Amino acid sequence: MTPEFILVTPQARPQVALIQLNRPKELNALNLQLMQEVAAALQQLDQDPEVRVIVLTGNERAFAAGADIKQMAGRTAIDMLLIDQFSIWDQIRRTTKPLIAAVSGFALGGGCELCMTCDMIVASETARFGQPEIRIGTMPGAGGTQRLTRAIGKARAMEMVLTGEPMSADEAARHGLVNRVVPVGQYLEEAFRLAASIAKMSPVAARLAKESVNRAFETHLDEGLHFERKNFYMTFASEDQKEGMAAFVEKRPAEFKGR
Ligand code: CO8
């Protein structure tokens, strides 16, 4: 089935796929179908052996201005419970390949939460990150209170969540919420550059390393260190580890096959 609200390019760059949110008139408001399409595309690309890194983007004006308020407005708590949209978000979180958000313009509400669900964020200088849900009588529901707080600290996160005031790209970079900020004409290219530098690495090691970094947010130090150690040992079961170390010793570039 061809998706309606996203554009998918499996080889936007060699071994780098691109998913573009494509509801420009609605500032890429995240309705249920769009989120289902994103999750399905990620699942497919995650299984595609030709893809090593995935970039998720919107357009220059908006990454996404949040959940679709018009779709949500009349729903009851029980409607929300039964629709269970967050199972889609859990699916997105299970993507094993590195996922980079390339963000320009509005990244608000669910849009901010979606880019924080990615592994890294490349921002244009016009990007605005915010959790404005309080202004429409609700609060973040897709991880905003947790991920934003871990990324930028309690005081600033509390202020953003309680006032709805967004944060500039520069401030987001100073707080470590985003990896880098570039001029607006360059954010997608910069995301591709970052993706290409990761695509050169062993995909097995990248997967295990991503899993291990994510553990830092999900567990205590002891358990995280244990998990990291297990994954470190596991890389020694891959041909890529043999190739990578042999290439270093033989002073030649490594050629990683993903096995
Ligand atoms: N939902 C639905 N439509 C939207 C949304 C949205 N979140 N954001 C913008 N639009 C629509 C507007 O209604 C407008 O449509 P129309 O032309 O038909 O009137 C069009 O996009 C353009 O928007 P504006 O005219 O408002 O553009 P401005 O440049 O004047 O303003 C803003 C841009 C500041 C981004 C403004 O549109 C705005 O405040 N949008 C809402 C932001 C917001 O409150 N986001 C949070 C939503 S709640 C949420 O995300 C909860 C997440 C929890 C679960 C996640 C599940 C997916």
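How many residues of domain 1 are in contact with how many residues of domain 2? The legends below begin with that view.

**Figure 1. Where domain 1 meets domain 2.** Here 7 residues of domain 1 are in contact with 5 residues of domain 2, contact meaning that the C-beta atoms of two residues, placed from the backbone, lie within 7 Å. On the side of domain 1 that touches domain 2 you will find 2 nonpolar, 1 polar and 4 charged residues. For this count, Ala, Val, Leu, Ile, Met, Phe, Trp, Tyr, Cys and Pro are nonpolar, Asp, Glu, Lys and Arg are charged, and the others, Gly among them, are polar. Domain 1 covers 6–199 and domain 2 covers 203–249, with bounds from an automatic or database domain assignment. Their C-alpha centres are 26 Å apart.

Please keep in mind that this is a predicted model, in which local features need pLDDT of at least 70, side-chain atom pairs count only at pLDDT 80 or more, and totals for chains, interfaces and linings use all residues. Residue numbers start from 1 along each chain as its sequence is written.

**Figure 2. The shell around the ligand.** Among the 22 residues around the ligand, Ala-29, Ala-65, Gly-66, Gly-109 and Gly-110 come nearest; a residue is near if its C-beta atom, placed from the backbone, lies within 6 Å of the molecule. Helix H2 (69–72) and strand S6 (106–108) are the elements that give two or more residues to this shell. Helices (H or I, at least four residues) and strands (E, at least two) are DSSP runs, numbered from the N terminus. By type, the shell holds 13 nonpolar, 5 polar and 4 charged residues.

**Figure 3. The largest nonpolar core.** This core has 65 residues, and Ala-123 is one of those with the most contacts inside it. A nonpolar core joins buried Ala, Val, Leu, Ile, Met, Phe, Trp, Tyr and Cys residues through C-beta atoms within 7 Å. Helix H9 (residues 187–199) gives the most to it, with 8 residues. Beyond its neighbours within four places in sequence, Ala-123 is in contact with residues including Val-103, Ala-169 and Tyr-187.

Figure 4. Gln-15 is buried, with 20 other C-beta atoms within 10 Å. Asp-84 counts as exposed, with 9 C-beta neighbours inside 10 Å. The cut-offs are 20 or more other C-beta atoms within 10 Å for buried, 12 or fewer for exposed, and partly exposed in between, with C-beta atoms placed from the backbone.
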